[in-house]
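Here is a short briefing on one protein model. Look at the structure first, then go through the points by topic.

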Amino acid sequence: MYIPPETLDLIRSKVAIQDIVKRYVPSLKKRGKNYTGLCPFHKEKTPSFSVSPDKQIFYCFGCHTGGNIFTFISKIERLDFPESVKFVADIAGVPIISEKRGDTDALEAFHRLNRGAMEMYHAYIKSPAGKKGLGYIASRGVTEASIRDFAIGYAPDSWDYLARGLIKSERDREYAESMGLIKRSQKRANSHYDVFRNRIIFPISDINGRVVGFGGRTIGDDPRKYINSSESQVFKKRNILYGLNRARESIKELNRAIVVEGYLDVIGCHQAGITNVIAPLGTAITADQIRLLGHYCTEIIFLFDADSAGLKAAARSLDLSEETNLNIRIGMLPQGDPFDYVTTKGPREFMAVVDTSLRPTDFRIARVMDDFSAAGRAGTLLRLFAVIRDLKLETERSEYLKKISALLNVDENSVRADFKNYMTNQQPVPATSGRPGPVSSEQVDVVTRGYRDLIRLICHHPELISKAAIDFTIGEIQDQLARNILWKMTELYNENREFSIDKIFDFFTSGPEMDFLNQAMNDEFLIENPGSAYTEIYLKMKVYEIDDKINRYDALLKSSPGVNSNIYLTEIEVLRREKEKLLNFVYNKVS
Ligand SMILES: [Zn+2]
């Protein structure tokens, strides 16, 4: 049974772990910040069982059992995870609709409420009171016809426009809350408020054209530019693509889909007459979504904005494309996003960009070449080797080695010799997909310790995940344990820009990750300045990375003293200087 993360959050917001634990551990007493008592999971005479109300977790220092509220119930009631969620949901008074019961009434209600909400938002944008929303969307260049065709709406800057107009019964209220349309007020009992306020509303339909959720773009100063409806029985973001219900026929006919990043991008393209265009729902495209497209066409073109966020998304879809037999190509706009580009330049120039899109390997090579002036010739060469190493066929590798020697204007034979050495001496050059590569024992020591320290730090200062998500390329971490944990933490943070640490136990319900997290969270951990502790870990790992590169150049120099020697020597010099700068920074900062 599938329980959407929003439902878990809802349950969590209504119960406190210490209250539930107390039902099973009568000896539980408050002591300082935490509660302690006799462990219900092993026999003991002095209490070693502890509950942290701040972190909403429990841990026994005697038998090392620990986790969040759902873990506790699953262990003490001997239930599996979904059963324990239901158990806690009952206590919290949160309805969980069972799919087994085939609750068609509920599904109908979900559709009815979504349809009603769509109509209310759409009516508002057309009313005199909705002038602000209409003005915004029209000023961007969206036509009246598009507003109608895509049923674009406006959620007014009101606390109860939807809550008052849409909700007719207690059940409606529960369903609307579980779909993330309204939220229960913390201040006033039995009162609900609208989730979408002062936002342009983009209704999201399933393949049959039924509204299943909404994306809302703020036109005020909310730092969350876009928000979406919650995952629900009808709205499973991984399986839905924005615009697919309208684009499906033309994707079939042209045997080609163009994937853009945003709702407005889709609308702009359709408006310009390019109708085989769709978008994922505010995240990088998933494997499920690519598979879904594969039902309708064999060629998929990813078209990205001319900024770095788009490129990050590209890196992810590149990994996915390896799994499918689809013909994947990637294009990047020279400026702006698809909406602005197609609206100002017209469909013909837009399609010219689409037609120059590249195969994934060529795209990766082009991006490496973009950084040529920063990375230098040797640095670029190594990065290109990493791209070529990922190719499966020897003939492909050979073809690309020829290509890059021409691109870099270096002797082809020495490039081939260097690549051969690179492959034999290969120190871990992590693949973008995070595939485990060969790992030297030294790397396990330094880098793994670094990442594990980082996780410990985040367990006690969860706000640091916002930095780590940017500073580290999680997919490239070799240590599987650290990668799994940091990946999940980053995902949780990216979902709604806030992150409470107990949620991590929804995903790790057993195994080494759970053991590690339990220990990490319950270590005596006193750090005066978490910010500088973070910087210290970060710099240490950067310095290590530089040393690692220097060693690799050294190895190349020794094994093939030849045409490119002076390039490697220059590169080593540059790296040494960079390292010196970092080290000075470390000492000034820490001492
Ligand atoms: Zn115990």
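In this predicted model, 4 strands make up an open sheet, ordered E6-E9-E10-E11, with antiparallel pairing. E6 and strand E11 (226-228) each have a single partner strand and stand at the edges, so one side of each has no neighbour in the sheet. On average, neighbouring strands of this sheet are turned by 35° against each other, direction ignored.

**Strand pairing in the sheet**

- Strand E10, made of residues 211-218, pairs with E11 over 3 bridges, in the antiparallel sense.
- Glycine 216 is placed opposite isoleucine 227, a residue of E11.

**Helices across the sheet**

- Helix H6 covers residues 131-140 and lies across E6, strand E9 (199-205) and E10.
- The angle between helix H6 and E9 is about 75°.
- Helix H11, residues 263-271, lies across E9, E10 and E11.
- Helix H11 also runs at about 75° to E9.

**The zinc site**

- Which protein atoms are the donors of the zinc ion? They are SG of Cys39, ND1 of His42, SG of Cys60 and SG of Cys63, and they lie 2.1 to 2.3 Å from the ion.
- The arrangement around the zinc ion is tetrahedral because the 4 donor atoms subtend angles of 102 to 117°, and four donors count as tetrahedral if all angles lie between 85 and 135 degrees.
- Along the sequence, the donor residues follow the spacing C-x2-H-x17-C-x2-C.
- Cysteine 60 has 0% relative accessibility and therefore counts as buried, the cut-off for buried being under 20%.
- Cysteine 63 has 27% relative accessibility, so cysteine 63 counts as partly exposed.

**Residues with positive phi**

- Most residues other than glycine have a negative phi.
- Alanine 151 is not a glycine, yet its phi is positive, near 50°.
- Is alanine 151 buried or exposed? Alanine 151 is buried, because its relative accessible area is 14% and the limit for buried is under 20%.
- Asparagine 255, also not a glycine, has a positive phi of about 55°.
- Where is asparagine 255 placed? Asparagine 255 is in the loop that lies between helix H10 (244-254) and strand E12 (256-259).
- Asparagine 255 has a relative accessible area of 34%, so asparagine 255 is partly exposed.

Note on methods
Residues are numbered from 1 along each chain as its sequence is written. This is a predicted model: local features need pLDDT of at least 70, side-chain atom pairs count only at pLDDT 80 or more; totals for chains, interfaces and linings use all residues. Side-chain values use heavy atoms; hydrogens and water are left out. Donors are N, O and S atoms within 2.8 Å of the metal (3.2 Å for Na, K and Ca); water is not among the atoms, so sites may look incomplete. Four donors count as tetrahedral if all angles lie between 85 and 135 degrees; four count as square planar and six as octahedral if opposite donors are over 155 degrees apart and all others between 65 and 115; anything else is irregular. Buried means under 20% relative accessible area, exposed over 50%, partly exposed in between (1.4 Å probe, protein chains only). Helices (H or I, at least four residues) and strands (E, at least two) are DSSP runs, numbered from the N terminus. Two strands pair if DSSP finds at least two bridges between them. Axes are lines fitted to C-alpha atoms, for helices over the stretch in contact, and angles run from 0 to 180 degrees between N-to-C directions. Contact means heavy atoms within 4.5 Å.
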